[in-house]
Amino acid sequence: MNKKSLLFIVPLFFFLLSYHNVYSEKISNPNERSRFFLANALAERGEFKVDNEIKRYGRTIDISEKDGSFYSDKAPMQSFLSVPVLFVYRFLTGGKITEKGALFVMKLFLHNLLAILLFFLFYRESLKILNSKFEAAAISFWLIFGTPLYTFFTTYFSHSIAAAMLFLFYLCSKEIRKKEGTRVLSFFTGVLGGVIFLTEYTTFFALAFISLTTLLFSSKRSLIFPYVAGAAVMAVIFFT
């Protein structure tokens, strides 16, 4: 895919993914609202308590209570990744943010980028089978916009972000099983697995299956330790 194609495809994807926005001031999704609460609390006050967000935007499910304070009970990684985006958004608006605006900004600069990454990963793998750039691009476009993936990429941010990273995790793991795998790639893949789990806990079984096959069938045993070390880094973050 040449530079001219990239200059056309990337803006087109941004438009198509951003144009369909299901959230408004009257419509919210508990799956995203709880994560937004945590991201805003971290960006605004550097804390995990979402008491202020509940007072400001209203109650929602997916919230837990401890010692009289409220916390998001969702996997936290999407909120962590959204903090820089929300910090800039808050700075540009003088702190006068809305839930709808925050979700839209998170979608533009986090969610859309992962959707575009997934397209190019689909394209890369399809090209190996079809040996036609046009057909590979057409099928990859259809996979994003002509299947339930599009619904997830426009409604359920965390699920689609995890799906994109999970496919990348699979491809990296496949490289580790070959002789071309490196320690750096192995460590990165372990970290990526942890990031995915902290984005969506329900990815555990997929991650476990891919990891098990990678560890059992890796052509270089020396790659196992960096892989486990990378996952261990994220495990420490999770348990602390």
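These are my notebook entries on a predicted model of a protein.

**Ground rules.** I number residues from 1 along each chain as its sequence is written, and I leave out hydrogens and water, using heavy atoms for side-chain values. As the model is predicted, local features need pLDDT of at least 70 and side-chain atom pairs count only at pLDDT 80 or more, while totals for chains, interfaces and linings use all residues.

**Overall layout.** I started with the secondary structure and found 11 helices and 2 strands (DSSP runs numbered from the N terminus: helices are H or I with at least four residues, strands are E with at least two). Reading from the N terminus, I noted the order α-α-α-β-β-α-α-α-α-α-α-α-α.

**Size.** I looked up the box that the C-alpha atoms fill, and it is roughly 55 × 40 × 30 Å along the principal axes.

**Inside and contacts.** Of the 240 residues, 46% count as buried (under 20% relative accessible area; exposed is over 50% and partly exposed in between, with a 1.4 Å probe and protein chains only). Among contacts with a separation of 6 or more, 69% join residues 24 or more positions apart (contact means heavy atoms within 4.5 Å).

**Gln78.** Is Gln78 buried or exposed? Gln78 is buried, with a relative accessible area of 2%, and sits in helix H4, residues 77–92. I found a polar contact of 3.3 Å between the side chains of Gln78 and Glu32 (a pair of N or O atoms within 3.5 Å; within protein, one must be able to donate a hydrogen and the other to accept it, and residues adjacent in sequence count only if both atoms are side-chain atoms). Not counting residues up to four places away in sequence, Gln78 touches several others, including Arg35, Ser158 and Ile161.

**Thr199.** Next I turned to Thr199 in helix H9, residues 183–199. Thr199 is buried, at 0% relative accessible area. A polar atom of its side chain lies 2.8 Å from the backbone oxygen of Val195. Beyond four places in sequence, the residues Thr199 touches include Arg35, Ser158 and Ile161.

**Gly46.** Where is Gly46 placed? I found Gly46 in the loop between helix H2 (30–45) and helix H3 (51–57). Gly46 is exposed, with a relative accessible area of 57%. From Gly46 to Ser64 I noted 18 residues in sequence and 19 Å in space, C-alpha to C-alpha.
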